[in-house]
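Let's take a walk through this structure, one contact at a time. Have the sequence and the 3D view ready to follow along.

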Amino acid sequence: MNIITDDMRDIVARAMLSFAATVCPDGTPNLSPKGSVRVHDGDHLVFMDIASPNTIANLEANPGIEINSIDVFRRRGYRFKGTAKLIPAGEEVYEDLHAWLLDLNGPGYPAHQAVLVQVERAEPILSPAYTFGNATEHALTDSWTDRYRAVNDTGTDPSTSHHPIEDNR
């Protein structure tokens, strides 16, 4: 069916950190950051269980999952809703992701099992700047790239650096 488009692939690759939402046994949400989310094929995402005991326990009880991947510089992304399947070591999906993970992080990096997500629905996520600010992707990318550089170069947040908090002790 190929629900995952080229733009979605690009966003997932650029996101570098996505968020997986599952449902806890008491019905409350569990939101967990995932740095290993990759597009597996046109209908599946995959991520590695590196240190995710709550996510895995929730998926064993209820395989429903939503993954959000956002390109922070372009201020847009996608929400992927679907059903998860746990994939043990030895299966091709696990081994492919594990090889990528080891190439990225070095030998010995933990990888308990892969989580293969059958994407049933994908919807865009857009910053309100697109709707209410008439911003362009290029302008937002430039602005947020500059902000990110400023934080990394100076260690201060440029959005607050012009408004110091006074110490009234």
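A residue is called buried under 20% relative accessible area, exposed over 50%, and partly exposed in between (1.4 Å probe, protein chains only). With 0% relative accessibility, S69 is therefore buried. You'll find S69 in strand β5, residues 64–71; strands (E, at least two residues) and helices (H or I, at least four) are DSSP runs, numbered from the N terminus. The side chain of S69 makes a 2.6 Å polar contact with that of S18.

Before going on, a word on what you're looking at: this is a predicted model, where local features need pLDDT of at least 70 and side-chain atom pairs count only at pLDDT 80 or more, while totals for chains, interfaces and linings use all residues. Residues are numbered from 1 along each chain as its sequence is written, and side-chain values use heavy atoms, with hydrogens and water left out.

Now for the charges. Side chains of opposite charge can pair when their charged atoms come close. A salt bridge here is a side-chain nitrogen of Lys or Arg within 4 Å of a carboxyl oxygen of Asp or Glu, and the structure holds twelve of them. One joins R76 to D7, with the closest N and O atoms 2.8 Å apart. R76 is in strand β6 (residues 76–87) and D7 in helix α1 (residues 6–15), so this pair links parts of the chain 69 residues apart. R76 is buried at 11% relative accessibility, whereas D7 is partly exposed at 25%.

Which partners does R74 have? It bridges to D10 at 2.4 Å between the closest N and O atoms, and to E137 at 3.5 Å. A search of the whole structure finds one aromatic pair. The rings of Y78 and F80 have centres 6.1 Å apart and planes at 40 degrees, so the pair is tilted; rings of Phe, Tyr and Trp (its six-membered ring) pair if their centres lie within 6.5 Å, and planes under 30 degrees apart count as stacked, over 60 as edge-to-face and the rest as tilted. Y78 is buried at 10% relative accessible area, and F80 is buried at 0%.

How values were computed. Polar contact = N/O pair within 3.5 Å; in protein donor to acceptor, adjacent residues only side chain to side chain.
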